[in-house]
Amino acid sequence: MKSKKLISLLCVAAMTATMLTGCGGASDSASGTASTSGSSSSATNTGNSGDSSAASDKEAMTFEIFDVAANYQGIQTGWFAKVVKDRFNIELNIIAPQVAGDAIYQTRASSGNLGDILILESGQFKECVEAGLVKDISSDIWNYSNLAGYKDQIDMLNNSLEGNDGKTYGIPTEMMNTSPTSYSQDVIYSSPLLRWDLYKELGCPDIADLDGLLDVLDQMMKNHPTNDAGDACYPLSLWSDWDGGDGMLGIANVVQLTTWYGEKIKGSTILKPDGTFIPLTDKDGSYYKMLKFLYNANQRGLVDPDSATQDWNSACAKMSAGQVYLMWYSWQVGFWNSTDRLKDGTAFIFTPVADQTYYTDADSYYGSGRVFAVGSQVDDAKYQRIMEFLDWYASPEGLMFQHDGIEGFNYEKGSDGRLVQINSNALMDNLPVPEEWGGAGYNDGNNAINQWIVSANSVNPTTGETYSVNYWSTYKEETMTDMKKEWAEKFGAAEPVDYMKANNKLVISPNVSVSLPTDSADISVIRNQCNETVCDYSWRMIYASDDAAFDALWDEMSNCLDGFGFQDLVKFDKEKHQIELDAKNAVAK
Amino acid sequence: MKEFFSNKRKVRGFKEFLYILPFLILVLVFSYYPLYGWVYAFFDYKPPFPLSWEKFVGLKWFRSMVENEVKLKQLLMVLRNTFAMSGISLFFSWFPMIFAVFLNEIKCKPFQKVVQTVTTLPNFISWVLVYSIAYSIFNSTGVVNTIGMALGLFDTPQMFLQSADHIWFKMWLWLTWKNAGWSAIMYLAAISGIDESLIEAAKVDGASRMQIIWHITIPSILPTYFVLVMLNLANFLSNGMEQYFVFQNAFNKDSIQVLDLYVYNLAMGSGGYSLSTAISILKSVVSIILLCVTNKISKLVRGEGFI
């Protein structure tokens, strides 16, 4: 009896002990494995850097990648895992705040170790350097030839850090080798995109302004109230789950449209083409204008009634089913346009509206804003392996894998030596990859880091063409369809951007790399409350019953915003973005 | 020391103390140690910097909650929603009890089991899935709109999820659909504990079924009901956030945003951690007051408290 008591007591004690250690153990065990694998490799690593084929003599390692761009959390699998394993004998363990929630940034940061490789937003990068979470890589980075090729851009980023005396901490993402003021793509991020067949059916009318656009959409809906499957079509289908993203105030669907009038929303302010800032709540600004556009569309019954309650996935399903007649993101057409549809002329394409000028950010010469960095807790042996990996990641070979996939599976060299895309549906249909390249589905094994040091629009020095398949000469020939020819004939330009440039309808904002002040605790609360207010009222305004109700809601919103400290936020944002604007003006000169 | 060990009563007391020690430690670790987090309410906290780098601001965040009309209005609105929705739940808290009583009256055992299983199952469905079910049923091409339009009840699709009409009651309906079967389990257990002889005696005296329910079943399970109600009262302000989080949209937010959701929306949007912590502290304080008040009432009404 007594021994039983003793045993049960011991059990309880043991249970408690495990529960208690379970609490604080997570971060310890993670850093523990990292340091042991690091120290064991230091013995075997003989410093044969640059020789990427000799992977097998290197100690196996796992890199923890803290990655704000990733949509996948866990160990990289499939063909890309094999590419990395064969060259470096490493595994990539991706930690994704987009999957795990933003709180993981806070908890990992407070433990003092974010990860081995860090991919951060620019504001986070600045804070992490201040908080000592980022390693100083100044002494080694220029020994790596591929990274050193971007010295100009890397220096620009690091010199913009406040109080930095020539040290290097980070590498920008999506750098290009063109120039900070040029624009090399054929389409811009946001512009009105219409279905060519429906537009042609109406006789390709010239569209003067937003009302004209609504007239055209109205006609399209009258002619085709349902898609081929018989489901109801609405020219516009909106979604609410991206609202307030990317540091912008307001609902995502309106924010994107504001670039149609040459204006760009910067936090709580709108940057006008003449270089001045006005508050978002200014009735002369494009936020009001585009919100009114959506309201007018809804008045005419052109907006999907589910817009306010559906999420992106539901909206996206409607786009793929052809239930939507207006798109505005350049990538959005990917859910409808296919090679076949381009051939039958039923694809979406840019359709100019006469009174619009379009805003676009220039080539991301200095980077797109995010930053690659190395964690401060990394030991020397691992550090060297990380730098080798990053150098490869920025090399033409690495970039071909990231942007184009596997030679022989995704592309091949034609008889004339030019590259030709094959299996173009590999990503969309998750085609099975042959065992020799790592097996599994292509999309499942695709690079889960989901962020590149060099942009796909850069030119590959070994082929003389861009990394992006879309600009390969072979691809252009294949997609030169009747529809494209008709479009070119009607608008007198080969590509949308050519049309905009020729008609003086494109505002290119130079690419700069500056570090901007981050929100204080006060400002971040104000920004959050204002954003929620703007989003809530915006949706209600789109569905407002009449013009008077619309304006009443707008005024109510403005009052409410002032109560949350909107004026302080505008002041802060003006000062913040003026720094960026000054840098842009300096580049443009 | 020697004296302590020679005193059998003290040794026994110490041994018994050791028995509960693990649980005391658990309570300390999981219920009291987290209170240390309250310290964030008194700083301008912003990750990733450690707290020691941040500025101590005293009661700034508490004051900022009520510093102007708009903020005060919002806080009051959130409190109103919290009280309203908890109030409705409280007002209808007899529902699972009555449900259990009637369920118990079903004489066909297989049917009773089926009903019980079907009503219990929704408890295990997450709120996110409940919302997808709701969306599929109530969207513009969902089953309700399709049938409604086919029958000519309305000619354009009705936006049920977007309207704020009767939203509190609708939320209670969803909650009840999800929870009723699960909550009834406790009462079913209490009913099975009722002394058979009481019921048999009543039957001999010629009591009808309703009379048995009214005079025997319900009075026997009332104590269980009261204890559960009291416990719920302490949670009056914590009516959870998942349900309201998934059902919220721009149109119903004014009526649906409860305290927990408000704290979440503030903190997770862009890191208003300090302000959210301050609100949580207030919530805890109000909860303690509510608990003490109900305990007092219980003492007055029933002659005994429950803490």
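The legends below describe close-up views of a predicted model.

Residues are numbered from 1 along each chain as its sequence is written, and chains are lettered from A, with ligands numbered from 1, in the order in which they are written. Because the model is predicted, local features need pLDDT of at least 70 and side-chain atom pairs count only at pLDDT 80 or more, whereas totals for chains, interfaces and linings use all residues.

View 1. The secondary structure of chain A comes to 21 helices and 16 strands, where helices (H or I, at least four residues) and strands (E, at least two) are DSSP runs numbered from the N terminus. Of the 589 residues of chain A, 44% count as buried; a residue is buried if 20 or more other C-beta atoms lie within 10 Å of its own, exposed if 12 or fewer, and partly exposed in between, with C-beta atoms placed from the backbone. Domain 1 of chain A covers 59-181 + 363-406 + 446-463, and domain 2 covers 190-361 + 481-588, with bounds that come from an automatic or database domain assignment. The C-alpha centres of these two domains of chain A lie 31 Å apart.

**View 2. The contact between domain 1 and domain 2 of chain A.** Here 18 residues of domain 1 are in contact with 10 residues of domain 2, two residues being in contact if their C-beta atoms, placed from the backbone, lie within 7 Å. On the domain 1 side, the elements that give two or more residues are α5 (122-130) and α7 (151-159) of chain A, and α5(A) gives the most, with four residues. The residues of this side divide into seven nonpolar, seven polar and four charged, where Ala, Val, Leu, Ile, Met, Phe, Trp, Tyr, Cys and Pro count as nonpolar, Asp, Glu, Lys and Arg as charged, and the others, Gly among them, as polar.

**View 3. The largest nonpolar core, around L291(A) and L294(A).** A nonpolar core is a set of buried Ala, Val, Leu, Ile, Met, Phe, Trp, Tyr and Cys residues joined through C-beta atoms within 7 Å. Of the 109 residues in the largest such core, L291(A) and L294(A) touch the most other members, while helix α19 (residues 521-542) of chain A gives the most to this core, with 11 residues. Leaving aside its neighbours within four places in sequence, L291(A) is in contact with V254(A), S538(A), M541(A) and I542(A). A second, separate core has 66 residues, including F63(A), Y105(A), I119(A) and L390(A).

View 4. The strands follow the order β7-β8-β9 (chain A) with antiparallel pairing, two strands being paired if DSSP finds at least two bridges between them. The edge strands, each pairing on one side only, are β7 (264-266) and β9 (277-279) of chain A, and neighbouring strands are turned by 35° against each other on average, direction ignored. Strand β8 (residues 269-271) of chain A pairs with β9(A) in the antiparallel sense over three bridges, and T269(A) has P279(A) in β9(A) as its bridge partner. Helix α21 (residues 566-588) of chain A lies across β7, β8 and β9 of chain A and runs at about 25° to β8(A); axes are lines fitted to C-alpha atoms, for helices over the stretch in contact, and angles run from 0 to 180 degrees between N-to-C directions.

**View 5. The loop residue V324(A).** V324(A) lies in the loop between α12 (312-320) and β10 (326-329) of chain A, and V324(A) counts as buried because 24 other C-beta atoms lie within 10 Å. Not counting residues up to four places away in sequence, V324(A) touches Y234(A), P235(A), S237(A), K318(A) and M319(A).

**View 6. Two asparagines with positive phi.** Most residues other than glycine have a negative phi. N423(A), in the loop between β15 (419-421) and α16 (473-479) of chain A, has a positive phi of about 45° although it is not a glycine, and N423(A) counts as partly exposed, with 17 C-beta neighbours inside 10 Å. N504(A), in the loop between α18 (496-502) and β16 (506-509) of chain A, has a positive phi of about 60°, and N504(A) is exposed, with 8 other C-beta atoms within 10 Å.
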